[in-house]
Amino acid sequence: MLAEERRRRLVGAMVEAGLEAMVVYGNAWQGDYLRYVSDFGILEGHGLAVVTADGACRLFLDSVVEVERAEGETAGLDIRLARDVASAVGGDLDRMANHRLAAAPRRFMPHWLTEAGRSFALEDGTALVDKLLLHKLPGEIADIRRAAQLADDGYGVFRAAAVTGRRQYELVADVEAFFRAKGCPDNFMIMGSGGVDVRGMAPPSPRRLAPGDLVTTELTPAVDGYYAQICRTLVVGRANDAQKRAFGVYLEAMEVGIAAVRPGVTAADVARAENDVFRRYGLGDYVTNKYTRVRGHGLGMFVDSKPHILEDVDVVLEAGMVIVVHPNTYHPEVGYMVLGDAVVVTATGADVLTRTPRELFEVPA
Amino acid sequence: MRRGLIAWSRAELPEAVFDRRVERARAAMAAANLDALVLYTNNTRPAGVSWFTGFVPYWSEGLLVLLRAGGPQLVVALSKRVQDWLERTSHAAGVTCAPRVGSEAATAALSSSNCARAPIRPRLLWRRRRRLSRTARCRKYRRGI
């Protein structure tokens, strides 16, 4: 089982680092660390897991409902209900006070667990778990591949739903209904519609689609806890020349970015390849953080995993990592435009997981 | 993840409702001799900040800084490209997009006010509390009122 394989890998890394136990936090937003070690996808409240070097995992949850769900959906865990998960874990760690202990992700750790005066000290184990999250096992890549197929299918539903007069949230409802029907429990999705007034994507609004609108979306469905992402733009009606010209820049940037992906290059190299295309067309201002966030990012058990594809991120890409390359940003002539594909880094380059054609789609006005 | 419509209907929830809530909080702050109230939000625990501003993070996290005077200041770890959406769906005097909400809230809002006592809600503010208290010139932080 993949969950057992992940736990064995974690324990191996802990032993190698000389750690006796790892404390891992999760909530419904940042649930990847907790899911990696426990196989539990938390939806309510806070969760903390204590994994010891013998492979045992104690999962502390503060919701009765979540405890019941964890008992049904996971195997091999010692699951405990605790109204104050930090105190409960603290009690657990008191018994290991003279051992080397670590916690991840450090920035989410309850302050109480890390402040001075405890009988135990928690080292920062974030980098250790990050490394495991970055380098995927074959089984993890297989799940992301399935999620990418679902993302492609979901974009087909989105295109069909994009009809003049419909409200943004109605499109999202169609896509979410499709994903639920396919057994996909989670999808991160933002969108935009309009023209030069649209600076980015956000949760859907009541705005109605109108002829000439650029309609952008990124879909990020999950399969067995693993996310894959696709970004595409469509036009309601026929694309005008400015929209076609602008799309050409995004297409070139994404293809150059994907071509740059291979073991040994950095995230910065990929970002620079994408951004250089924009700079060459006189659009350098639009690859700054005033107009865009990242030029891609990691994928896995979190929607927006490390590494962020930015020109100042020096993470070296290695085979087995999965990222989305997306030169999404604002274009001064046409508005916000997106285009992105999920890829897995292979020994020689990049294997593109999403298969939707790289087109500026047109739907009937 | 939060999905689906996130919008603010001013007909259902007029600005005056948020303003009254802020005034009630200010009265409680004055009674407790507090200079500022700092509220944490993320998309799993949005209620505190939503109650004062209507803001519901679809992603990431933020802090709301409420001082004795002036409107509520919202500091959110979202990119600037969604500033327009933030301002459209939230009632705050100021919205700042910054990746490190703790230090931004401290430098932008708390330090300038020379506040002396600022409780933080909810009690579990995780590691952000340290960054906030290191950066701000607040002499004393307390857990929430």
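## Two domains in chain A

Two residues are in contact if their C-beta atoms, placed from the backbone, lie within 7 Å. This model is predicted. Chain A is split into domain 1 (2-134) and domain 2 (138-363). In contact across the boundary are 10 residues of domain 1 and 10 residues of domain 2 of chain A. The C-alpha centres of these two domains of chain A are 32 Å apart.

On the domain 1 side, helix H1 (2-17), helix H2 (32-38) and helix H6 (126-134) of chain A each give two or more residues. That side divides into 4 nonpolar, 2 polar and 4 charged residues.

## The sheet and its helices

An open sheet of 6 strands runs in the order E4-E3-E2-E1-E5-E6 in chain A, with mixed pairing. Strand E4 (78-81) and strand E6 (122-124) of chain A are the edges; each has a single partner strand, so one side of each has no neighbour in the sheet. On average, neighbouring strands are turned by 25 degrees against each other, direction ignored.

Strand E5 (101-104) and E6 of chain A pair in the parallel sense, over 3 bridges. Ala102(A) has Glu123(A) in E6(A) as its bridge partner. Helix H6 of chain A packs on the sheet too, touching strand E1 (21-26), E5 and E6 of chain A. The direction of H6(A) makes about 55 degrees with that of E5(A).

## Where chain A meets chain B

Here 30 residues of chain A are in contact with 22 residues of chain B. Helix H8 (168-181) and strand E7 (187-194) of chain A each give two or more residues to the chain A side. H8(A) has the largest share, 4 residues. By type, the chain A side divides into 16 nonpolar, 7 polar and 7 charged residues.

How values were computed
Residues are numbered from 1 along each chain as its sequence is written. Chains are lettered from A and ligands numbered from 1 in the order in which they are written. This is a predicted model: local features need pLDDT of at least 70, side-chain atom pairs count only at pLDDT 80 or more; totals for chains, interfaces and linings use all residues. Domain bounds come from an automatic or database domain assignment. Ala, Val, Leu, Ile, Met, Phe, Trp, Tyr, Cys and Pro count as nonpolar, Asp, Glu, Lys and Arg as charged, and the others, Gly among them, as polar. Two strands pair if DSSP finds at least two bridges between them. Axes are lines fitted to C-alpha atoms, for helices over the stretch in contact, and angles run from 0 to 180 degrees between N-to-C directions.
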